[in-house]
Amino acid sequence: MACFSALASYYHDQKDDKDELEFAKSAVAKVASTVALIYRYITNQDFIGADPELSYSENFVHMMFDISSYKFTQVVAKALDIIFTLHADHEQNASTATVRLAGSSGADLFACLVAGTATLWGPAHGGANEAVVNMLMAIEKPSNVRQFIQKVKDGNKSIRLMGFGHRVYKNYDPRAKIMCEICKEILKDLGINDPLLEIAVELENIALQDSYFIERNLYPNVDFYSGIVLKAIGIPVRMFTTLFALARTSGWSA
């Protein structure tokens, strides 16, 4: 959010409507570089410049991890391409509505992106996939899933079911199906055995057959598996919302 605010100050004189597309392109490009810089900074690593020969997602992987492995770059870039597309925009959610409201006042693009990022910061919007990972870690193992589900059904206030239900999709979120396949593919391709996937699959299978969830239209949404994918790639959990903002910038800018 602070980075977008700085860019808003730098580009404060964007007045010409003909330049709107160029500013949008600049925002989408700069947010990837900014997120990579944040990651390198918090992990105490030197910054890496962009490589114009790479695609958008390949370049992001390069700036984040400086990986020489072609296979890793291609596998992760493919997953990120899909993640960025699925998260680019989704109707009038809280952050998109905020960006449009700010824009209606004549605020410049980067100022609008600050408003959207501030809204996305809220745990009820941008922090969902992080909350899912924390929930799965708390369950610990597949054999504990039924006990967890029973606590949810009993109304235990200390237990929250994350990654289920959606205001638009009243049945299975189609994005969740795609994300589930990506999750399985990337763990296999990278040779990672993450027990969180086993817990997630068990939770989904039990919930989809339980009348409690069916009657309440509680089906997995896009956030249910995305956190496991980001974790496998090497994104710190505390940066999940940052990746969400990166993907959503193209939708906000549009």
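Biologist: At what angle do the axes of helix 5 and helix 6 cross, and within what distance do they come?

Modeller: This is a predicted model. In it, the axes of helix 5 (residues 94–103) and helix 6 (residues 109–120) cross at roughly 155 degrees and come within 8 Å.

Biologist: Which residues make the contact between helix 5 and helix 6?

Modeller: Helix 5 contributes Ala94, Ser95, Thr98, Val99, Ala102 and Gly103, while helix 6 contributes Cys112, Ala115, Gly116, Thr119 and Leu120. By class, these residues of the contact are six nonpolar, five polar and no charged. Gly counts as polar in this division.

Biologist: What makes the orientation of helix 9 and helix 12 roughly parallel or roughly antiparallel?

Modeller: Helix 9 (residues 174–189) packs with helix 12 (residues 223–233) at an angle of about 25 degrees, and their axes are 8 Å apart. Angles under 35 degrees count as roughly parallel. Helix 9 and helix 12 are therefore roughly parallel to each other. The crossing of this pair is left-handed.

Biologist: Which residues of helix 9 and helix 12 make the contact?

Modeller: On helix 9 they are Ala176, Met179, Cys180, Ile182, Cys183, Ile186 and Leu187; on helix 12 they are Tyr225, Ser226, Ile228, Val229, Ala232 and Ile233. Twelve of the contact residues are nonpolar, one is polar and none is charged. Cys and Tyr count as nonpolar here.

Biologist: How many cavities of 30 Å³ or more does a search of the whole structure find?

Modeller: The search finds two. The largest cavity has a volume of about 50 Å³.

Biologist: What makes up the lining of the largest cavity?

Modeller: Its lining consists of Ile83, His87, Asn129, Ser226, Leu230, Phe240, Leu243, Phe244 and Ala247. Helix 4 (70–87), helix 12 and helix 13 (240–253) are the elements that each give two or more residues to this lining. Helix 13 gives the most, with four residues.

Biologist: How many residues of that lining are nonpolar, polar and charged?

Modeller: The lining of the largest cavity has six nonpolar residues, three polar ones and no charged ones. Ser226 of helix 12 belongs to this lining and is also one of the residues in the contact with helix 9.

Terms used:
Residues are numbered from 1 along each chain as its sequence is written. This is a predicted model: local features need pLDDT of at least 70, side-chain atom pairs count only at pLDDT 80 or more; totals for chains, interfaces and linings use all residues. Side-chain values use heavy atoms; hydrogens and water are left out. Axes are lines fitted to C-alpha atoms, for helices over the stretch in contact, and angles run from 0 to 180 degrees between N-to-C directions. Angles under 35 degrees count as roughly parallel, over 145 as roughly antiparallel, 65 to 115 as roughly perpendicular and the rest as oblique. A crossing is left-handed if the near helix is turned anticlockwise from the far one by less than a right angle, and right-handed if clockwise. Contact means heavy atoms within 4.5 Å. On a 1 Å grid over the protein atoms alone, a cavity is a set of points where a 1.4 Å probe fits but cannot get out, and a pocket is an open set with protein on both sides within 12 Å along at least five of seven lines; lining residues have an atom within 4 Å of a point. Grid points are joined across faces, edges and corners, and a volume is the space filled by probe spheres set on the points.
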